[in-house]
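Here is a short briefing on selected local features. Please keep the structure in view while reading.

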Amino acid sequence: METARVELVVIGAGWHGLVSAKTYLEVNPSARVVILDKSPTIGGVWAQHRLYPGLNTNNMLRAYEFSDFPMTDDNAFGVKPGEHIPGHVVHEYLKSYAEKYDILKICRFSEDVKTAEKLDGAAPGWALTVKKSGGETYKLTTSKLVVATGLTSEPFLPDLDGADEFGAPIIHCGNLRQHSEALFAEATNVVVFGGTKSAWDAAYAFATRGVHVDWVIRESGHGPVWMAPPYVTPLKKWLEKLVTTRFLTWFSPCIWGGADGFNIARGFLHGTAIGRLITRRFWAVLGADVIYLNGYDKHPETAKLKPWVDAFWVASGLSILNYPTSFFDLVKEGKISVHIRDVTKLTSKTVHLSPSAFSEESITSIRADALICSTGWKFHPPMNFISPDGKQIDTKLGLPHHSKEPATNDPNVQQADSEILSRFPILQNQPKINPKLTPLSNTTDLNRGFSLYRFMVPPALIHDRTIAFNGMIQTICTSMVAQTQALWIMAYLDGKLPMLNGDTKTLEDQVVRETTLHARFGRWRYPGGYGARYPDFAFDAMPYIDLLLGDLGLNTRRKQGLVSECFEPYGPADYVGLVEEWKKTQA
């Protein structure tokens, strides 16, 4: 096998991977950097093979771009203000970004990292075993490693009884593009399985092309995802801008919220009885407005799509209706039939359903030309991390893993839980989660979620400075978070974060404490989402960006005047020139 050594390897050529490489090279222009991606094209989630028909961003123009490469003029690709960005445009945008900053030439596509072996001693780093599309493998050694594969790189398909006898395609939404045109032409009925945003997309795509959809949402699952119109609240505000308006972020309890510097406002809203009353009212109005605008209760079929958990308790599970025509009309017209049921088994082109406690429908089986699964993703990075003797080191790296001991036996966890609930009493009254909830996957295999310092660095390797993770976060603020994480990671790998210098034992204790506190916060804040597994952000993204900028010694308040700072939404344009700002602090 070929063996070579470089200074930095970035795994993943999507938003997080591209900006990680670009930022590192901007500060270290002579470094030898390689980007590896198992997909044949650039884009990560937005690679060509994943662009199923009708795929659009939840974001509108000017909210889904890098600060130094605005999607305007020649880079707008025909997208107009107020429009959601088509998937193929995002793909072309990321390709153009890579070309502009001369990083396309360092990308190696169709190259899958199978193992990452930790190297210690005189030449620390990582030895990667890489498999090419033709099957041959080679070794690539790097001094530094950034894993930017995100949380949606490996589709999860459930193990359904009778799948081998089904005799029709069983397709994860992430692979729908390869099958869609044939199914549009030949299918008369498909079953969509799952309640996430991609299930809505698949149901809409088939129903609007004349293919009837039976949509099965598990009675033993989380229920339908929250879907909001692009403009919400009685004032008809742009939804994605709500989560980047400082004044509104204060209404969301956040353990790192103090990084924005508005501690008095946050303390009032979450530390006083009247403040908590105002906070509850804010979330009640927001949720009620979405339910009213969608008209769930105006039809018995659309009523099945009403979310099961209040909006306060979900994060990235809050999505946007970005379709050109009414989704709910397709349900009312019977082009999409909704079933709140569990799939018991598959037989020849037939999906069998459990009895329903949700409705009186008597249907027990559905004929299907295909089963489209919107069943989520494997949230562990898609490679094996090992020590020189071949042992798994997921626990040491703070990655999802299995532990025999309950998390609450850990004194650090106990302390973190106590602090979270004392600071935010509103979280003490947790919501009633579906009593029938049964995960599709075997979660006993991975019963611990991510535990990374600042959601990027393994606490056990805080002094090692050879590995970081960019993008192990779900948030609507993808581009702003990605570029801020990239700058923080570059400074960390280069040993230029002052807050990580100092007495070793004191620093290590502080890192473990903060990591545990932040990781456990997700479990209490977003039980209706995935906060216990990985960082799941909604109104938490802005103070998170502030936290990282504070670590870097950069200005967090980037508006003109206090009124603008509090009430004008932030966007990528507010962070133009971050890298140059940081470089000046190092001069």
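Helix α7 spans residues 263-271 and contains Phe268. The model is predicted.

**Surface patch**
- Phe268 is partly exposed, because its relative accessible area of 37% falls between the 20% and 50% limits.
- Together with Ile274 and Ile278, Phe268 makes a nonpolar surface patch of about 260 Å².

**Open sheet**
- Five strands form an open sheet with parallel pairing, in the order β9-β20-β10-β11-β16.
- The edges are β9 (170-172) and β16 (336-340); each has a single partner strand, so one side of each lacks a neighbour in the sheet.
- From one strand to the next, the twist averages 20 degrees.
- β11 (residues 212-217) pairs with β16 in the parallel sense, over five bridges.
- Ile217 has Ile340 of β16 as its bridge partner.
- Helix α4 (residues 197-207) packs on this sheet and touches β10 (189-193), β11, β16 and β20 (371-373).
- The direction of α4 makes about 165 degrees with that of β11.

**Lys131**
- Lys131 sits in strand β7, which covers residues 125-132.
- Its relative accessibility is 39%, so Lys131 counts as partly exposed.
- Beyond its neighbours within four places in sequence, Lys131 contacts Ser110, Glu111, Asp112, Lys114, Glu136 and Thr137.
- Val147 is 16 residues from Lys131 along the chain, and their C-alpha atoms are 17 Å apart.

Technical notes: Residues are numbered from 1 along each chain as its sequence is written. This is a predicted model: local features need pLDDT of at least 70, side-chain atom pairs count only at pLDDT 80 or more; totals for chains, interfaces and linings use all residues. Side-chain values use heavy atoms; hydrogens and water are left out. Patches are made of residues with over 30% relative accessible area and no salt bridge: like charges are joined within 9 Å, nonpolar side chains (Val, Leu, Ile, Met, Phe, Trp, Tyr) within 5 Å. Accessible areas come from the Shrake-Rupley method with a 1.4 Å probe; for residues, only the protein chains shown count as cover. A salt bridge is a side-chain nitrogen of Lys or Arg within 4 Å of a carboxyl oxygen of Asp or Glu. Helices (H or I, at least four residues) and strands (E, at least two) are DSSP runs, numbered from the N terminus. Buried means under 20% relative accessible area, exposed over 50%, partly exposed in between (1.4 Å probe, protein chains only). Contact means heavy atoms within 4.5 Å. Two strands pair if DSSP finds at least two bridges between them. Axes are lines fitted to C-alpha atoms, for helices over the stretch in contact, and angles run from 0 to 180 degrees between N-to-C directions.
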